[in-house]
Amino acid sequence: MKNSMKVLIGIVVIVLLIIMSGVGGYNSLINRSEEVDASLSEISVQLQRRNDLIPNLVETVQRYAQHEEQIFTDIAEARSRLMGANTVAEQAEGDAAMTGALSRLLAISENYPDLKANENFINLQDELAGTENRIATARRTYNNSAKKYNASIRRFPTNIFATSLGFESVVYFEAEEGASDNPNIGDLFGE
C-alpha cells in the first residue's frame with residue numbers, strides 16, 4: 001500500500017508540474033502577444049501624429065509654392081493610403097509613400113528662401129523630424145517584440161500547444177524594397 005501511494009503521489013506531482021509548466025508557457029505567450037500589440041499601437045500613434053502635422057506643413061508650403069500642385073496631391077494620396085491601412089504590410093507601404101512625398105515636399109523648400117526662413121515652417125520641420133525619430137524607435141520596438149514573440153511560439157515545448165491554441169507568428173515592420181537606395185534629386189523635383 002505504501003509503494004502504490006508513493007507512485008500515485010509521484011504521478012500527481014508530475015501531472016501538476018506539467019500543468020503548471022503549460023500555464024506558465026501560455027501566460028508567457030499572452031504577455032509577448034500583448035507586447036507586440038502595444039508596440040504596433042505605438043507605431044500607429046506616431047504615424048497618426050505625423051499625419052496630423054502634415055496639413056499644417058502643407059498649408060505653410062502652399063502659401064509659398066502654389067504652383068507645386070503635384071506634390072500636394074501625392075501627399076494627400078499617401079496620407080489617405082496610410083490612414084486606410086489595415087495590416088502591418090499596408091501600414092509599411094503607406095509609411096514609405098508618405099516618407100517619399102514628405103522628402104519631395106521638404107526638397108521644394110530649397111527653392112523658396114522665404115519659406116525656409118518662415119518660423120512656422122521651421123517649427124513644423126522640427127516637429128516632423130522628432131516624429132520621424134519616434135516612428136523609427138516605435139518600429140524598432142515593434143520588431144524586437146515581434147522577434148521575441150515569434151521565437152517563443154517556435155521554441156520547444158511551447159510550440160506544441162502554441163499552434164493548437166491559435167498563436168500565429170506576426171510579420172515584421174519592414175521597409176519597402178528599394179527604400180535604402182539613395183534618391184535621385186531629379187526624382188524629388190519630378191524631373
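This is a predicted model: local features need pLDDT of at least 70, side-chain atom pairs count only at pLDDT 80 or more; totals for chains, interfaces and linings use all residues.
Me: How are two packed helices described?
Reply: Two packed helices are described by the angle between their axes and by the distance between those axes. Here, helix α2 (residues 69–83) packs on helix α3 (residues 88–108) at about 155 degrees, and the axes are 8 Å apart.

Me: What does that angle make α2 and α3 relative to each other, roughly parallel or roughly antiparallel?
Reply: Angles over 145 degrees count as roughly antiparallel, so α2 and α3 are roughly antiparallel to each other. The crossing of α2 past α3 is left-handed.

Me: Which residues in α2 and α3 meet?
Reply: From α2, they include Ile 71, Phe 72, Ile 75, Ala 78 and Leu 82; among those they meet in α3 are Ala 97, Met 98, Ala 101, Leu 102, Leu 105 and Ile 108. Sorted by class, the contact has 11 nonpolar, two polar and six charged residues.

Me: How is a pair of aromatic rings described, and how many does the whole structure have?
Reply: The description uses the distance of the centres and the angle of the planes. A search of the whole structure finds one aromatic pair. The ring centres of Tyr 26 and Phe 167 are 5.8 Å apart and the planes are at 75 degrees, so the pair is edge-to-face.

Me: Where in the chain are Tyr 26 and Phe 167?
Reply: Tyr 26 is in helix α1 (residues 2–64), and Phe 167 is in the loop between α6 (158–164) and α7 (185–188). The pair links distant parts of the chain, 141 residues apart.

How values were computed:
Residues are numbered from 1 along each chain as its sequence is written. Side-chain values use heavy atoms; hydrogens and water are left out. Axes are lines fitted to C-alpha atoms, for helices over the stretch in contact, and angles run from 0 to 180 degrees between N-to-C directions. Helices (H or I, at least four residues) and strands (E, at least two) are DSSP runs, numbered from the N terminus. Angles under 35 degrees count as roughly parallel, over 145 as roughly antiparallel, 65 to 115 as roughly perpendicular and the rest as oblique. A crossing is left-handed if the near helix is turned anticlockwise from the far one by less than a right angle, and right-handed if clockwise. Contact means heavy atoms within 4.5 Å. Ala, Val, Leu, Ile, Met, Phe, Trp, Tyr, Cys and Pro count as nonpolar, Asp, Glu, Lys and Arg as charged, and the others, Gly among them, as polar. Rings of Phe, Tyr and Trp (its six-membered ring) pair if their centres lie within 6.5 Å; planes under 30 degrees apart count as stacked, over 60 as edge-to-face and the rest as tilted.
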